[in-house]
Amino acid sequence: MFETTFHFTEQNQQAVMDSFFQVGYQEILKRIDAIDPVRYGKSRNYTNGAVTRLSPWISRGVISTKTVYQRLRARGYKTEDMESLVKELCWRDYFQRVWQNKNIDKDLKQTQEPVLHHQLPDALPNAVTGIEALDQAIRELYATGYMHNHCRMYLSSVTCNIAQAHWKTPARWMFYHLLDGDWASNACSWQWVAGSNSGKKYMANQENINRYTGSSQTGTYLDCTYEELANLKIPSEFSSFGEFEVKTKLLETGIPTLNPDLPTFVYNYYNMDPEWHKGEPGNRILLLEPSVFGRYPVSEKCIEFLTTICGNIPGIQIMTGSFEELKNMAGPSPFYYKEHPLNHHYSGIEESRDWICEDVTGYYASFFTYWKVVEKHLRKNESETE
């Protein structure tokens, strides 16, 4: 087991979280409308770039990738004007489509090789990778629940491709702490870096990390050419590792008050959309299933963020229990829920999630293939509305 060596006061931690993640729905829409997609495209790879920081609300289903895309289109931007941002949104949709069709808990395309172990290197939770920019990114993750996407890729690359750890346990560690934790994006991205979901491994040396993080570190095990990087020995910083054993601290809730004459709208970790059936009479339940969080545990901070989001949905009640228990309580009234791979045991009226391009379904072996089909649809729709 690991020991986390960084501590933040609750006051400081909350202040940092508030500065990044205001949860009011109207505030979220204002943030979408403030996006400069051109500036985003030019700087998103830099840790101080014009990133949107919308991922926590997209992952929790408060807004969708389609919401972001349509509001930008309403401001006059075409797909070609904001291609970089639209691609990033479509990566999220793509990974969700992969999860709909594949078991993403296993190596997807080929076995990750070489693999020394299936445990968690102590360097990650203790932020002692030896790479200052990555250690700082881990500290930020603990403080805020956020990590820049490029740092996620760097950390995955060092962990899987240099230290030869299998991707799944480190991916579970990162998912546990991320406020924007989306198992599809997280697992598939780690596999993409590790080469089990891509044609080749993703590698980055110290020069690359310095460039995009603004650091100036030298003399590290990554301070070498890419040819040398491919033959590195496992760094001493990654010589120890252990199990990752955590549990989700779910809320203790009572029995919800249900009107048997009204439909029940079921919300969960991936659907907190305040516009969903807005204004319609009904029982609104945020369902926290121990079985789901047992498979994919998240931190107490993530649960706190989730419950705070409830303020956007009038009348919602929180229930910790199984779907079957909720179903038995409600009786014969209709049940509504949004499709998700973790909802296969639900019963009732299943509704689709919002997709940027809902007509492009099924499994595509690569994002490039998926994107080409989506791009064609988007450009066709744009030309028809001009």
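Tutor: A salt bridge is a side-chain nitrogen of Lys or Arg within 4 Å of a carboxyl oxygen of Asp or Glu. This is a predicted model: local features need pLDDT of at least 70, side-chain atom pairs count only at pLDDT 80 or more, and totals for chains, interfaces and linings use all residues. Residues are numbered from 1 along each chain as its sequence is written, and side-chain values use heavy atoms, with hydrogens and water left out.

Student: How many salt bridges does a search of the whole structure find?

Tutor: Side chains of opposite charge can pair when their charged atoms come close. The search covers the whole structure, and its count is 13.

Student: How far apart are N and O in the salt bridge of Arg379 and Glu375?

Tutor: Arg379 and Glu375 are about one helical turn apart, because they are 4 residues apart in helix H16. Helices here are DSSP runs of H or I with at least four residues, strands are runs of E with at least two, and both are numbered from the N terminus. The two side chains meet, and the N to O distance is 3.1 Å.

Student: Is Glu375 buried or exposed?

Tutor: Buried means under 20% relative accessible area, exposed means over 50%, and partly exposed lies in between (1.4 Å probe, protein chains only). Arg379 has 32%, so Arg379 is partly exposed. Glu375 has 11%, so Glu375 is buried.

Student: Which residues are linked with Glu375 in a network of salt bridges?

Tutor: Start with Lys372, whose side chain meets Glu375 in a salt bridge of 3.7 Å, N to O. Lys372 and Glu375 both lie in helix H16, 3 residues apart. Lys372 is partly exposed, because its relative accessibility is 41%. With Glu375, the network links Glu83, Lys87, Lys372 and Arg379.

Student: How many residues apart are Arg73 and Glu382?

Tutor: Arg73 forms a salt bridge with Glu382, and their closest N and O atoms are 3.8 Å apart. Arg73 is in helix H5 (residues 65–74), Glu382 is in helix H16 (residues 367–385), and the pair links distant parts of the chain. Glu382 is buried, because its relative accessibility is 6%. The sequence separation is 309 residues.

Student: In what order do the strands of the open sheet stand?

Tutor: Two strands pair if DSSP finds at least two bridges between them. The sheet has 5 strands, and the pairing is parallel. The edge strands, S5 (317–320) and S7 (349–351), each pair on one side only. The order is S5-S4-S3-S6-S7.

Student: Which residue in S7 is the bridge partner of Lys338?

Tutor: S6 and S7 run parallel and are joined by 3 bridges. The partner of Lys338 in S7 is Glu351.

Student: Which residue in S6 stands opposite Phe265?

Tutor: S3 and S6 (residues 335–338) run parallel, joined by 2 bridges. Opposite Phe265 stands Tyr336.

Student: Which peptide bond is cis, with omega near -10°?

Tutor: Most peptide bonds are trans. Look in the loop between helix H6 (83–101) and strand S1 (120–121), where Pro114 is found. The cis bond runs from Glu113 to Pro114.

Student: What is the phi of Ala127?

Tutor: Most residues other than glycine have a negative phi. Ala127 sits in the loop between S1 and H7. Ala127 is buried, because its relative accessibility is 4%. Ala127 is not a glycine, yet its phi is positive, about 55°.

Student: And what is the phi of His277?

Tutor: His277 lies in the loop between strand S3 (264–267) and strand S4 (283–288). The relative accessible area of His277 is 16%, so His277 is buried. His277 is not a glycine either, and its positive phi is about 50°.

Student: With which side chain does the side chain of Arg139 make a polar contact?

Tutor: A polar contact is a pair of N or O atoms within 3.5 Å; within protein, one must be able to donate a hydrogen and the other to accept it, and residues adjacent in sequence count only if both atoms are side-chain atoms. Arg139 is in helix H7 (residues 132–144). At 3.1 Å, the side chain in contact with Arg139 is that of Gln136.
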